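The entries below follow the order in which I looked things up.

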Amino acid sequence: MFFLSLIEHTLRLPPHLLNLPLDQAIKGELETLFWDKVIANLGLCVSIYDIRNIDGGFIFPGDGASTFTVNFRWIMFRPFVGEVLSGEVEESDAKGLRLSLGFFKEITLPAHLLPNPSKFGEDGKWTWDFNGTELPIEKEDEIHFKVHSIRYPPIPVEQEKDVKPFAPMVITASIDFDGLGPISWWV
Amino acid sequence: MILRLQTNAGTLTNFEVLDFLRSRGASTDSTRVIANVAPSEFQVYDYLVQSAARNQTRESIDEFLTSWVKFDPAKAEKLNLINIKPSPAIEIDSIVENCEQRMGNEDEALVKMIIEMLPAPGKPEGTNEDPTEVVADQEAMEAVLPPSTKPRGTNEEETVETVGDQDSVQTLSFSTVTIYLYVV
């Protein structure tokens, strides 16, 4: 689920941070820049792991701030395809379910990746019809799901007013395997 | 300008991330407002605390891995098993490919071994806490990080990670609003 990614970045350190030790100042700047942001194909930045290398410290003409080239590693949240994760149901509608991991809520479970045959009841819950036994997916269930694919949609240039906020990283999940789905189904 | 030097400089199990956040000062009690951990990191911490990683220790993970060596699991499978402790035998099926071929009738023994070595998650309120405990080490085990894992199908380099000590640093800013930024 979590990977380390080694990134190099040219960082401009504002002059008001000059009273701090260098590594603290750089760490603070990097955190402001990357915390909770999504980088394409790298995933969601969780936490800075370490700083490998700090180079530079040049001051460009006309600028009061110094510029450093920093090599550092961030803990990234990036599940791989086929990974089994455990999350909760956030909402469920006719097209499928939306799951959440607490810190990451853009996990869609489309209807065709639910075990066959499933149906959507009027109370808003999906139910799996397993050889005659009805197994519903409740809202508080902890669900084990397998990652089907991860998409990083490009940033839209324009958006209409009432559309959902743009999600830069979307995971598609599937529970169409033995052992997946709410834990209560298999106990 | 951001340059990605290594997209995958190492894989971390949930336990390692939890350990790392704990060493930075994250916790579930009221001292969390003082710790220099961002709210977004706290969300990750909260998720990990109520997941299967809560009761793990390095030693228990090492034991678990050595006992699984004879089945030659792929690295992705090891990672999945450590992160999600499957309790019924059928859940192992979704994690380990060709389960029947490789393990045959040893499923039951395996499940018991998993339950013993990796304490079950249980709910954090403590009402249904699973009483199984970690089996004590018989040989002295070095507290080494589990081998770094790599998902199948990717050809990226892997390195064995050692956790560096983080200095406690005063951060300058708290990001309370999550903003999504696409950085190329």
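**Entry 1: Chain B**

I noted that chain B is divided into domain 1 (14–54) and domain 2 (57–117). Six residues from domain 1 of chain B and six residues from domain 2 of chain B make up the contact. The model I am reading is predicted.

I then looked up the buried area: domain 1 and domain 2 of chain B bury about 510 Å² between them, with 47% of it on carbon and sulfur atoms.

Next I turned to charged pairs. The rule finds one salt bridge across this interface of chain B. The side chains of B:Asp19 and B:Arg58 meet in a salt bridge, at 2.9 Å from N to O. On the side of domain 1 of chain B that touches domain 2, I recorded three nonpolar, one polar and two charged residues.

**Entry 2: Chain A**

Chain A is divided into domain 1 (2–77) and domain 2 (83–185). I found their C-alpha centres 35 Å apart. Nine residues of domain 1 of chain A are in contact with seven residues of domain 2 of chain A.

These two domains of chain A bury about 630 Å² between them, 86% of it on carbon and sulfur atoms. Of the area that domain 1 of chain A buries against domain 2, A:Val38, A:Leu44 and A:Phe77 supply 68%, more than any other three residues.

How many salt bridges does the rule find across this interface of chain A? I recorded zero salt bridges, and zero residue pairs in polar contact, counting pairs with both residues at pLDDT 80 or more. The side of domain 1 of chain A that touches domain 2 divides into seven nonpolar, two polar and no charged residues.

Conventions
Residues numbered from 1 in each chain as written. Chains lettered and ligands numbered in written order. Predicted model: local features only at pLDDT ≥ 70, side-chain atom pairs only at ≥ 80, totals over all residues. Heavy atoms only, no water. Domains from an automatic or database assignment. Contact = heavy atoms within 4.5 Å. Buried area = accessible area lost by both parts, 1.4 Å probe. Salt bridge = Lys/Arg side-chain N within 4 Å of Asp/Glu carboxyl O. Nonpolar A, V, L, I, M, F, W, Y, C, P; charged D, E, K, R; others polar. Polar contact = N/O pair within 3.5 Å; in protein donor to acceptor, adjacent residues only side chain to side chain.
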